[in-house]
Every structure is written in structure tokens, then in C-alpha cells.
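Student: I am new to this structure. Please show me how to read it, feature by feature.

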Amino acid sequence: MVSRFTPLTKTNCVPSEPELLDIEHFLAPDKSTLAQLDLDLKEAEARVTKLKEERKAILARVQPLQVITSLIRRFPQELLERIFMHARPADGHSTFSPADCPSVLLRVCRRWREVAVNTPQLWSSFEVTIPTHLCYIPNSPPNPKHQLRVASFLGEVDRWLERSANHPLCIREPGGAFTSCAANASHILSEISTKLVACSNRWKSVDFDTFPSVIEKMVQLGATTLPTLTELRLSNYVYPVIESTDQIDGQWFFQCGGLLTAPKIKSLHLRNYHGQDYPYNFTHLPVDWSNLTSLSLGTTASYFFRFTFYQDIPLSMWVDILPIFHQCTNLQQCSLMLPSDRGDISIPTMGSTIPNLQALHLSGCSEAIDSLLQLIDTPHIRELHYQPLHSKVAGRGSPLTPRPPLTLNSSLVKFLQKHGGQVDVLSLNLPPSTPNEIFRTCLVNTPSLKQLTIGSEFRTQAFQPHPCLPDVTLPLNSENDVIFTDFHLHLLTPKPSPEECLCPHLEILRSNIKARITEGALLSFLNAKLEQSSSGNASKGRNKFQELTIEAIQLDGPSGDRDGPLQTIREAGVRLHLSKTDYYTPTPTETIGRGLGCSTDFGY
């Protein structure tokens, strides 16, 4: 309200006595109104306080009954158990961390704790993880507080095993920081291994890094103590080595040899110790080969070359594996990393048939791989990973020369000509200077292909020799490396004529090699695949195209920007992963996770 006194409010003038009386008279009605409002507010506050007390009293009577009728209380326990199972890590192996499932479920409510504790499957698949605060410097003596913490952690391991009841156990015991001199946790691993060995009659799947604190606890295990073991994975496996020829026919002691005698082993994965380039005497392993459905024999580096052992004895892993294949009548998956042959090898005249093999992964020396492909028959093969890493190593200190290019007479081409009609997953790491016609021939011989990967499936750095052991000289990148171009996209682009269309069932295409492609060729391929999927061909056995991954695209090549011309392709449900070459970029490209494919997980 504006009055004649309003201008005075913005000055420092002092009102006179008559003006003060006028102001008091002017404010009298408002003061009366304020007094009444204060009385009304007190009455309203008293009313609100009374209503709140009444509400609190009613809630005290209602809430306990509402809890009884809540949806989560009525939620079926079977569904809750299933949800808990899906809350575990994707690989199914939980950790001992209190922040991970299932331990975190124990702190939600009483019912969740009861359900989690009484669900053995939650506790039967785990990875042995030691908290970092329990690892101390070896030279510093442990104090009583540290010993109490270790005892508490070991008690938690006991509770895990107790909660798993009689359910089969799936255990992963990795190495890594545990085995380093800076993290002295070997005594804890030894205690845990003792507890796990006591439950060996329930082992179903074990994945161990074979270091001393674990091995010493496994020595007494054998066929009678491992009645349910079906999957065995051993990393850093040390094969016995001899120094003279008169010991070849002897009996060998293998690390954890008793584990290999388990009567129900169906999946066996052995990876050599870092210093071993050859799986010495692997044919003497006490394994029932006829019982295996999955076999993986690998090395950390297939091109180490040592003269320390077997100086005068020819060595060839691919030759030694052939007699084993005769016994592998139930083998369905096989992964081999083949080292270079040593000495003068006697080439077998008879090959091997692996009647039930469906997935084959070959890496290592290209000459060894090609020799093996010529002598095996796989009538039911549906998945082939051809991943040579290097050519034959001539000797210690010899350079790794580029692999020879493929020709029409190469064993891979002949293998696909014989078995390619049933292959639906193919991975090719083509050598430099391989003609485009060879790539086309491979596609012609695989008409049912659903997934195609071009390039290496490995991170090469993981297979380089240790700097202190320069056994070989790695080659530089060749100027003749195979490059993914518009030619390859054009071959796979659907054509109007069925006779001209190669791999019409292709759903997933991945390229890990250098790429020089144009946006026009890329859009032409993708639009043709989408048109093929939407034209009714899916009802004729042709599934929808799912994924295109192209890495190391030239800097001026097509971009995978979300708002670019490829956005409509993404909206159609196709997973697109296009990354530029990082040769000249200051920061590494973002790592993009791929979707699920059709191929077998070989554990690499």
C-alpha cells in the first residue's frame, strides 16, 4: 500500500511528532489484522499437531499389518532365488568381496539373508580373491591385528563352503598379484587350498594358476577324490623336461598329475609355463582322451626357441597330437597353439579323423598349422579359427620372417573345399601378400557362413618374448599386409542373382586389420543386408544381419558418429562398431564391447 509516508522510507529523515502520530494511526488496522492472523496460526498449528499425533497412532497400528501384506513378502522364494542367481557376475564366479553378490545380499533384510544363505548355488561358484589389506611386505612381521584379520577372512571362506552345502563347486584360483614378492599372500592361499582340497569330492570345475602354494596341496588328489570333476583348467603348467634320449620312455611326474586322472573330465585346458615353448611329453598325460569333449593346449609364446633340452631329438607337437586325436572320439571343441618343429621330422603317412569335432581353433606356427590341416578329417566341423602367429622359427636368435601367402594349393583352401559347406563360423588371419582371389575362394567354399572374422583374434603383445629372453627377432609391420577394402565388402554385398551372392546367411562381420573403405561401399553393403533381411528371405533360413565391426579405418574413411548417415542402420537393430586407426591420434580409441556372436569361447 502506498501512502504519503512511503517516500520517507528511502531517506534518512526523522519523522516529527505529528508525523509519528499519523503513522501510528495509519498502521493500526494492519497491526490488528496481524494479531488475529497470529491467533489463527496458533490454532491451526495446534490442529496440525493433533492430526499428526492421530496419524502417528494410526500408522503404528497399520504399518505392521501392511508389512505382512507387502508384495516383496509375498514374492515367491523360487523367483527370488533366480533373481539372486542372475545378480552374480556374468561368468558365474562370485568374489569374496562384501560389496559383490552374494555377500551384499546378506545386508538388505532378514528374509533376503535367509534366502541367500540357503541357496547353495550362490556360494558354489567363486573366485579366490584375497583382500589387499591382508597382503603385506614379506620382510615386515605380521602383527596380532593382522593375524586376526587373516583368521576372520579364512572364517569367511569356511562359511562360503558351508553355505554351498553339497552342491558341486566351480572354483577359480588365479595368480597375478598374489604370487608377486610385493604381495605376500602365499600362506593365505595355502590355507584356502587346504580347505578346498577337503571338498575335492564336490569339485565340478576348477581353474587354477599352478604356483607352489597351490600345487603342494594338490599332490594327494586322484581319481577317487575327484568323482565329479568335469572341467579342468591349469595355467602356468610345467611339463617335465628330460636331458637325454634314454629317458624318453620313462614315467613322468606332471604337476597336479592326480587332477588329470579324474574319471569324468570332459573339458581340459592346459597352458604352458612362460619359459616353456613346447608341451614336453604331453602325450604321456594320464588323461582319458576318449572322455574329452573340449581340449585346449597352449603356450604363452609359441615362438620361443631353446636349445637347452632335446638338442638331438626332433620335436613336433602337431605330429604328436595325431595319435591322441585317434582316441578323441567324443571331442567337440579343440584349441591348439602349435610351436615350430625342431629337427628333421618324420611326416606321418596316415591322418586322423575326429568324428564329432565341431569347433577348431589353431594358432602358433603357420607351417605346423598347415601340416596338421592336411592330415585331419572333421566331418562335422562348423567353426574354424585359422590364426597363425608366425612362420617357422629357424633357431635361437633367428628373425620371424613374414608368413608365406596363401595359394589355391594351401591346406586351408583345401580344407575349406572339403568341409567348408558346413562351416558357419570362420576366423581368418591371412598372411601378407595373400591375393584377393584366395579370400574369394574361401567365401565360395563356405556358403552357410553366419559369422566371419578377418584378422587376429589375439592381442599380439601377450605373445611377445620377455625382454630378458630375446629368443627371436620380431618382424616389423609388412607393407604387404592384407587390407580390408571395398573389394571385400563388395564380395559380401547381396546381389539380385542368388548365384552371385556369397555367404547369403552372414549375420556378423568383423575386421581387425587395416581398413581402407569408402562410405558408399559401406552403405551399399549395409542397406543390401537390411533389404535382404526385410524382403522375406528370413523365412527361407536367412537370419537378420546383426553386427558389423571394422577397426583401423583410415582417417578420412567413414565415421561411426551417432548422428551420421549410419544412424538409420543402428535404428534397424544392427550393432555398428567403426573405429579409426590410432596410428596418428594422440589418445587411444575407445574400447567398444562387442555383442554376442555365434562362435565358441575358447578361453583366450
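**Reading the structure**

Tutor: Let us start with helix 15. Among the elements that cover its buried residues are helix 14, strand 15 (508-511), strand 17 (547-553), helix 16 (567-571) and strand 18 (575-580). This is a predicted model: local features need pLDDT of at least 70, side-chain atom pairs count only at pLDDT 80 or more, and totals for chains, interfaces and linings use all residues. Residues are numbered from 1 along each chain as its sequence is written, and side-chain values use heavy atoms, with hydrogens and water left out.

Student: Which residues of helix 15 are buried?

Tutor: Buried means under 20% relative accessible area, exposed over 50%, and partly exposed in between, with a 1.4 Å probe and protein chains only. In helix 15, the buried residues include Leu522, Phe525, Leu526, Lys529 and Gln532.

Student: How are helices and strands assigned, and how many of each does the protein chain have?

Tutor: Helices (H or I, at least four residues) and strands (E, at least two) are DSSP runs, numbered from the N terminus. The protein chain has 16 helices and 18 strands.

Student: What span should helix 15 have?

Tutor: The expected span of a helix is 1.5 Å times one less than its number of residues. Helix 15 (residues 519-534) has 16 residues, so it should span 22 Å. Its end C-alpha atoms are 22 Å apart, which agrees.

Student: How do I read a strand?

Tutor: In a regular strand the side chains alternate between the two faces of the sheet. Take strand 6 (residues 294-298), where five of its five residues are buried. Ser294, Ser296 and Gly298 point one way, while Leu295 and Leu297 point the other way.

Student: Which strands pair with strand 6?

Tutor: Two strands pair if DSSP finds at least two bridges between them. Strand 5 (residues 267-272) pairs with strand 6 in the parallel sense over five bridges. There, Arg271 stands opposite Gly298. Strand 7 (residues 333-338) also pairs with strand 6 in the parallel sense, over four bridges. In strand 7, Gln333 is the bridge partner of Ser294.

Student: What is a nonpolar core?

Tutor: It is a set of buried Ala, Val, Leu, Ile, Met, Phe, Trp, Tyr and Cys residues joined through side-chain atoms within 4.5 Å. In soluble globular proteins, nonpolar side chains tend to be buried together. Here the largest nonpolar core has 127 residues, and Trp203, Phe325, Leu336, Leu372, Leu452 and Leu509 touch the most other members. Helix 10 (residues 317-327) gives the most to this core, with seven residues.

Student: What does Leu509 touch?

Tutor: Contact means heavy atoms within 4.5 Å. Not counting residues up to four places away in sequence, Leu509 touches residues including Leu452, Phe484, Leu489, Phe525 and Leu548.

Student: Is Asp377 buried or partly exposed?

Tutor: Asp377 lies in strand 10. At 22% relative accessibility, Asp377 counts as partly exposed. Leaving aside neighbours within four places in sequence, its contacts include Ser352, Lys418 and His419. Asp377 and His419 are 42 residues apart in sequence, and 8.7 Å apart in space, C-alpha to C-alpha.

Student: Where is His488 found?

Tutor: His488 is found in helix 14 (residues 486-492). At 2% relative accessibility, His488 counts as buried. Leaving aside neighbours within four places in sequence, His488 is in contact with Asn436, Phe439 and Ile483.

Student: How many residues does the protein chain have, and what share is buried?

Tutor: The protein chain has 604 residues, of which 45% count as buried.
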